[in-house]
Amino acid sequence: MRDVAVVGFAQRQMSEFDGSPTCVELLVPIFAECYEQTGFTRKDIGFWCSGSSDYLAGRSFSFVSAVDAIGVLPPVNESHVEMDAAWALYEAWLKIQTGEVDTALVYGFGKSSAGVLRRTLALQLDPYTLTPLWPDTVSVAGLQARAGIDAGAWDERAMAEVANRSLTDAEKNENAVRKGGSSVEELLARPMYADPLRKHDCAPVTDGAAAIVLSADDRARDAADRPAWITGIAHHVDPLHLGSRDLTRSPSAARAGRAAGVGDVEVAELHAPFSHQELVLRRELGLGDGVRVNPSGGALAANPMFTAGLNRIGEAARRIWDGSASSTLGHATSGPALQQNLVCVMEGRS
Amino acid sequence: MGKLPAAVVGVGQTHHRAKREDVSIAGLCREAIDRALQDANMTFDDIDAIVVGKAPDLFEGVMMPELYLAEALGAAGKPLLRVHTAGSVGGSTAIVAASLVQAGVHERVLTVAFEKQSESNAMWALSVPMPFIMPVHAGAGGYFAPHVRSYIRRSGAPSHIGAVVAAKDRQNALRNPYAHLRNETTTVESVLASQMLWDPIRYDETCPSSDGACALVIASEDSARSVDSPAWIHGTVMRSEPTTAAERDQVNPQAGREAAAALWKQAGITDPLREIDAAEIYVPFSWFEPMWLENLGFTPEGEGWKLTESGGTAMDGVLPVNCSGGVLSSNPIGASGMLRFAEAALQVRGQAGEHQVDGVRRALGHAYGGGSQFFAMWVLGDQPPAN
């Protein structure tokens, strides 16, 4: 395997983006920021890969317009996944591993506020047996949270502790759209939203875009003082049907963690759009109490669809760049109730 | 580091029809997958990862259907990727699957592409009006007709060339048991007599809207050597350019020309017309055969129609094109590109049945999408790649 590192990362998040669902207006300045960080220009990028969803944009081929953000000619070596851009990063990492290219720019975008997100995501379910009932995302997560409480895997206090820590950390994150910690007692006194979930247990609906630059070997050392070298990256999927799996567990997360080699990471950025899902992920990834989880505030502070997973990898890479950690992981999830999971482990080298 | 050798060792496809009401979306995919696994003499247990491709989710009304399909595709507990690159997606999906093997990450990868277009209306799913974005106007034909008119003007091609392509591909389809359209009476004259839809594109010069799927098993060198006649991957390429720019030439797009040049170089091919023995080219509207012959470098610019008119692209021609009947005879959009890639594999393996060309050593699979802006191609050979 070639040595590949994260060397650039830029993001934008907001509650409501006053622009097109293709987010080209966000992507152009994000690419400019990535060029500035790495010293690369458009011509230095060997491969482009994006992640987004037509259903979020409410039109077919939404990613086609986003290609405009790259610039016109000459043509580029480019691909797209209908998934969180963390999986686009996986495809780009793969492309670099084949030896075909040395650098890649990965981007994701999504305007969740264009529709009613929790209803839109109901279309991800089985079209024959589940979608006709329109179980929305928050309700499905509520079922999962209740299953964990009933099984004794967690309680409402543990969920409130996750939310309080995340929203407190988010105060230091300029990209957070929800921030402001309080106390566990005060959070528990707030009203129910989708029993047993309170508003702060659920990620805020967020619009946004982000990009990451990958490069290999010497190209990475040229682009960054302290590249975040990817030591392992893997993803797995579980069955979708809520009745055919134990909702208190996420075998695909555990499998991805084992395949990527979690080891002794100091920082973990976990893509947990609901507070109890962080508790599931910590268990499945074997993260001990000493691991600093979501110093960015995580998805409870901002959850731009199809970008939030990529952001976790970018945030984890930044801890390597600034020298505050030597081994970190970024995690991404997709599908209802932690169905699909990706883990990317990175390290700094002196 | 170079790419590790990889080969297609299993090919499967569905019977393509306007409405496959006998199967669910999962059932449609399984029909192709089960045939591909059987062809490869494998089961799901042998598969390391699954790569799914399809065109817009609005075509079936399911958001990211691979999530619901995970179990049916044998993906539960494995890595699952979902590619979407517009009409070229079937080709891009096969290329992503190939790269999992070529990078040394996996040994045996299953890839499937599908579209169940009868679940909705593809033409109108493509025509949602969006602020500040040029409308497609009643489906792809309305978008591409001006490009065809421009091609005819620039090349001076006689007006019946499109009908020659349509009649050839429909006759070829009669030799392919999986093809959707089976119109035995189609001739150049009958095509020219069919109704004008988007001038100069007539009804019989357009692709159908199909339900269908295609699956491939791609394996590493070790796994491929144990099967009969693997189709070795000699080159893969993807290129894209934006939709709207004054300097774009949509008749002969730069992305297609550069993709072809890179592909021939990878495959060690200097004279594609002589060295490629069979080609499966993405031709959704008949005139795109001569247009892509030029874009791919099989002929000089302005002369593609001469090769078509001379019969050079017929089954017994110098370059047999779309012996399967092509997109003009079966078009489950998301799968159409992979079908081109798969038919190239069948030709190289000598398994194309009645539409087999004799002695194919190297074959081209080609797909394009969007506004002639996304290209995916591969070259397969009957021997392992030399480089």
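Start by selecting residues 251-260 and 275-285 of chain A: these are helices α10 and α11, which pack at an angle of about 40 degrees with their axes 8 Å apart. Helices here are DSSP runs (H or I, at least four residues; strands are E, at least two), numbered from the N terminus. Axes are lines fitted to C-alpha atoms over the stretch in contact, and angles run from 0 to 180 degrees between N-to-C directions. The angle makes α10(A) oblique to α11(A), since under 35 degrees counts as roughly parallel, over 145 as roughly antiparallel, 65 to 115 as roughly perpendicular and the rest as oblique.

Now show the side chains of A:Ala253, A:Ala254 and A:Gly257 on α10(A), and A:Leu281, A:Glu284 and A:Leu285 on α11(A), which make the contact (C-beta atoms, placed from the backbone, within 7 Å).

This is a predicted model: local features need pLDDT of at least 70, side-chain atom pairs count only at pLDDT 80 or more, and totals for chains, interfaces and linings use all residues. Residues are numbered from 1 along each chain as its sequence is written, while chains are lettered from A and ligands numbered from 1 in the order in which they are written.

Next, color chain A by domain: domain 1 is 4-116 + 205-228 and domain 2 is 134-202 + 231-347, with bounds from an automatic or database domain assignment. Between them, 32 residues of domain 1 are in contact with 25 residues of domain 2.

Finally, bring in chain B, where 52 residues are in contact with 48 residues of chain A. Select α3(B), which supplies the largest share of that side of chain B, five residues.

Notes: Contact = placed C-beta atoms within 7 Å.
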